[in-house]
Amino acid sequence: MFTASKGTLEGYGYELVTMAGAGHEVRILPQAGFNLYYWTFEGKEIFMEPVDITAFGTKYGNPILFPTPNRIKNGTYVWQGKEYVMAKRGEKVLLHGLVKDEPFTVTRVEAGENCAVCAAEIAIRPGNALYEGYPFACKLEVVYTLDAAGIHMDVAVTNEDDKELPFGFAVHPYFSKRGDANKVAIKVPVKRVYEADENLIPSGRIVPVDEAKTIWDDFHTVESLYLDNVFRGMTSDMESLVRYEDVIVHIHGSDCFRNAVVYTPHDRPGFCIEPQTNATNCINMHAQGLVDESGLMVLPAGKTFTCQVHMTVEKR
């Protein structure tokens, strides 16, 4: 039997949703971008424990990145010949879109014998702060389902405008090193990577992975890697893997998630394998004629786009 409940995070007053069952426990902060920030399986961390839970954004958990994951060069972008400034409440937003630190509205919390579900939504519409830098009316709906296998995300983006909607979508999960990165290994089955400058802005070229980054060929310990790269070539039948001593975590998604960002900082207790639809600076790449390389999604007026992400656990 699974459980799901709404409450308040003790000591902080944040709205909290907790779901549990089949050895899993997850916790979600709707106020912090609908971030599923806590995941344990049989009492052991899968997601990294937050260093500072008040730091809403992309420092912990499973941040949701929309409508422009990764960087936008100089915080400006061009769409259909017009230049826009990606800004929110008067300040430029250079990284990871607009909703990562915004409150979502919870629409459903329920549980049954086989799973628990939490759903929420956020809108970008005239008159709200997000519309300032992204004047395209739309709604993002996310459903987390917890079952015996693990976490499943169902995502829907609805274009509520009378013009096309340019966007990307990604999640940014922080997996735990469990205190020893030499005992955690990853494998990501990609053989191409975006060439980028020192500011991680892509040139537009997608090149073969070099020998120092052959995470596609076998497992490599997190301690042996120092990566912050956008890799290319994922499909729905391919999965990234995180190997702990007791379990393997499988990460895969819909065909739209052609890219995977691998981020392995040595100064944090976690690392990231991020399913993404798009490249860094995607909307500007698209404007430069690099349509396929950008990965930018373009949704007609009145239409809805859907996709899924799955993060599941296999005992070793």
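Author: Helices, of at least four residues, and strands, of at least two, are DSSP runs numbered from the N terminus. The model described here is predicted.

Reader: How many helices and strands does the secondary structure of the chain come to?
Author: Both kinds of run occur in this predicted model. The helices number two, and the count of strands is 28.

Reader: Why is the chain as compact as a globular protein of its length?
Author: For 316 residues the globule rule gives 20 Å. The chain counts as compact as a globular protein of that length because its radius of gyration is close to that figure, at 19 Å.

Reader: Which percentage of the contacts with a separation of 6 or more is accounted for by residues 24 or more positions apart?
Author: A contact requires heavy atoms within 4.5 Å. Of the contacts in the chain with a separation of 6 or more, residues 24 or more positions apart account for 65%.

Reader: What share of the accessible surface belongs to carbon and sulfur atoms?
Author: Buried residues make up 55% of the 316 residues. The accessible surface of the chain comes to about 13,100 Å², and the part that belongs to carbon and sulfur atoms is 46%.

Reader: Which element gives the largest share of the lining of the largest pocket?
Author: This pocket has a volume of about 330 Å³. Its lining has 20 residues, with Arg71, His96, Leu200, Asp228 and Val261 nearest the centre. Strands E19 (192-196), E22 (228-232) and E25 (259-263) are the elements that give two or more residues each. The largest share, three residues, comes from E22.

Reader: Which elements give two or more residues to the lining of the largest cavity?
Author: One cavity of 30 Å³ or more is found in the whole structure, and the largest cavity holds about 90 Å³ of space. Of its 14 lining residues, Met234, Ile251, His252, Phe257 and Pro275 lie nearest its centre. The elements that give two or more residues are strand E24 (247-253), E25 and E26.

Reader: How many charged residues are in the lining of the largest cavity?
Author: Asp, Glu, Lys and Arg make up the charged class. Next to seven nonpolar and six polar residues, the number of charged residues in the lining is one.

Reader: Is Gly270 buried or exposed?
Author: Gly270 has its place in strand E26 (residues 270-276). Residues that Gly270 touches include Met48, Tyr174 and Pro265. The cut-off for burial is under 20% relative accessible area. Gly270 has 0%, so it is buried.

Reader: What distance separates the C-alpha atoms of Phe34 and Ala119?
Author: Phe34 lies in the loop between strand E3 (24-29) and strand E4 (35-41), and it counts as buried because its relative accessibility is 0%. Among the residues that Phe34 touches are Ile64, Phe104, Ala119 and Tyr144. Phe34 and Ala119 are 85 residues apart along the chain, and their C-alpha atoms are separated by 9.1 Å.

Terms used: Residues are numbered from 1 along each chain as its sequence is written. This is a predicted model: local features need pLDDT of at least 70, side-chain atom pairs count only at pLDDT 80 or more; totals for chains, interfaces and linings use all residues. Side-chain values use heavy atoms; hydrogens and water are left out. On a 1 Å grid over the protein atoms alone, a cavity is a set of points where a 1.4 Å probe fits but cannot get out, and a pocket is an open set with protein on both sides within 12 Å along at least five of seven lines; lining residues have an atom within 4 Å of a point. Grid points are joined across faces, edges and corners, and a volume is the space filled by probe spheres set on the points. The radius of gyration is taken over C-alpha atoms; the globule rule is 2.2 Å times the number of residues to the power 0.38. Buried means under 20% relative accessible area, exposed over 50%, partly exposed in between (1.4 Å probe, protein chains only). Accessible areas come from the Shrake-Rupley method with a 1.4 Å probe; for residues, only the protein chains shown count as cover. Lists of a residue's contacts leave out its neighbours within four places in sequence.
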